[in-house]
Amino acid sequence: MNLIEITMAMLVFSLAANTSLQLWSSGARWSQTNAEQQETLRRVDAHLLRSEHSLRLAALAVVAGVEAEDPDQSAARCAAAGQWMAEQLLSGAGALPVGVQRQVSAPSSGVDGLWLTYRIEPMGLERRRLFTAAAHGLCPPAAPISDPEVGT
């Protein structure tokens with residue numbers, strides 16, 4: 001082998017090693033980003049389930065307490081249920097992951113209830129759950145919901 005062949009072999013070897021390192025680095029970054037996104041989604045889902053669980057427990061306590069006092073309080077309970085549910089969903093929720101926003105809002109149509117929405121800004125995703133007072137026993141059920149926002 002002469003000097004030119006050795007130089008060309010070293011050049012090809014170094015280019016191949018450099019390209020391989022860049023591909024490995026890119027794959028490792030993608031894997032790390034994907035793992036962080038999955039962890040964020042897991043934490044948002046866990047936060048949503050904790051909020052729903054605490055709302056159900058609080059609603060059970062309210063319904064049991066009101067029915068023990070006066071079983072005919074369903075109309076008064078229904079009038080204040082929306083505000084009470086919003087307060088329960090916003091209180092004691094704990095810390096959210098970075099880049100996640102939580103919002104409680106009323107549906108755009110005449111549906112009685114609240115949307116609990118988590119916006120995950122870095123990924124451009126959102127998780128939404130509809131909570132109604134009737135589903136938690138805070139007022140008697142109304143007519144069936146037929147709203148395109150709910151999907152029925």
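## Salt bridges and the sheet

The side chains of Glu39 and Arg42 meet in a salt bridge, with N and O 2.6 Å apart; the term requires a side-chain nitrogen of Lys or Arg within 4 Å of a carboxyl oxygen of Asp or Glu. This is a predicted model, in which local features need pLDDT of at least 70 and side-chain atom pairs count only at pLDDT 80 or more, while totals for chains, interfaces and linings use all residues. Residues are numbered from 1 along each chain as its sequence is written, and side-chain values use heavy atoms, leaving out hydrogens and water.

Glu39 and Arg42 are three residues apart in helix H1 (residues 3-69), a separation of about one helical turn; helices (H or I, at least four residues) and strands (E, at least two) are DSSP runs numbered from the N terminus. The whole structure holds six salt bridges, among them these:

| Pair | Closest N to O |
|---|---|
| Arg129 and Glu52 | 2.5 Å |
| Arg119 and Glu126 | 3.5 Å |

Three strands form an open antiparallel sheet in the order E1-E2-E3, where two strands pair if DSSP finds at least two bridges between them. Strand E1 (100-105) and strand E3 (125-131) stand at the edges, each with a single partner strand, so one side of each is left without a neighbour in the sheet. E1 pairs with strand E2 (residues 114-120) over six bridges, and Val100 has Ile120 as its bridge partner in E2.
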